[in-house]
Amino acid sequence: MESTYSTASIEPSQRFAYWQEVVCRHCIPAASVPLSGNQFDGSLRVRTLGTLIISELIAPQHRWQRDGAHIRTGPNDSFWVGLMMKGEGRLAQSGRTVVQREGDMVLYDAARPFEFELAAGTICI
């Protein structure tokens, strides 16, 4: 099964709220903030293969932060693998920070707080 979501048809003032709701529903609960004053245009494609969920995220610069309150709402038994197809990201978790560039993969734990900042034009799977 595959679903695609885009902010293109959403009223500009509501795009980021829509984006956050869609990503949290299909990925994991976390807080997000846009990091540029430009209009937010993003898309998320979600594919399910058995118990595996593959998400492709394309968006302008923004940051995700998962804290204790988000962890208590679940799911917290998941590990996430991020493959950077284009652009750059910075992931911080458990006192470690990594800059993720095109072709790099990161593994992070949904049961621990993290902060993940994605550069403008990033494509991450």
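Which residues does Trp64 touch, not counting residues up to four places away in sequence? Here are some notes to read beside the model.

1. First, the ground rules. This is a predicted model, in which local features need pLDDT of at least 70 and side-chain atom pairs count only at pLDDT 80 or more, while totals for chains, interfaces and linings use all residues. Residues are numbered from 1 along each chain as its sequence is written, and side-chain values use heavy atoms, with hydrogens and water left out.

2. Now to Trp64. It touches Trp19, Gln20, Val23, Cys24, Ala30, Ala31, Ser32, Phe114, Glu115, Phe116 and Leu118, where contact means heavy atoms within 4.5 Å. Trp64 is found in strand β5; strands (E, at least two residues) and helices (H or I, at least four) are DSSP runs, numbered from the N terminus. Trp64 is buried, at a relative accessible area of 7%. Buried means under 20% relative accessible area, exposed over 50%, and partly exposed in between, using a 1.4 Å probe and protein chains only.

3. Trp64 also belongs to the largest nonpolar core, where Trp19, Val23, Leu44, Leu57, Trp64 and Tyr108 touch the most other members out of 25 residues. Such a core is a set of buried Ala, Val, Leu, Ile, Met, Phe, Trp, Tyr and Cys residues joined through side-chain atoms within 4.5 Å. At least two residues each come from α1 (15-26), β3 (43-49), β4 (52-59), β6 (79-86), β9 (105-109) and β10 (114-118). The biggest contributor is α1, with five residues.

4. Helix α1 deserves a look of its own. Its twelve residues reach 17 Å from first C-alpha to last, close to the 16 Å expected at 1.5 Å a residue; that expected span is 1.5 Å times one less than the number of residues. Arg15, Phe16, Trp19, Val22, Val23, Cys24 and His26 of α1 are buried. Their cover includes β1 (2-6), β2 (31-34), β3, β4 and β5 (62-66).

5. Not counting residues up to four places away in sequence, Leu44 touches Ser3, Thr4, Tyr5, Trp19, Val22, Val23, His26, Ser55, Glu56 and Leu57.

6. Is Ser94 buried or partly exposed? Ser94 is partly exposed, with a relative accessible area of 45%.
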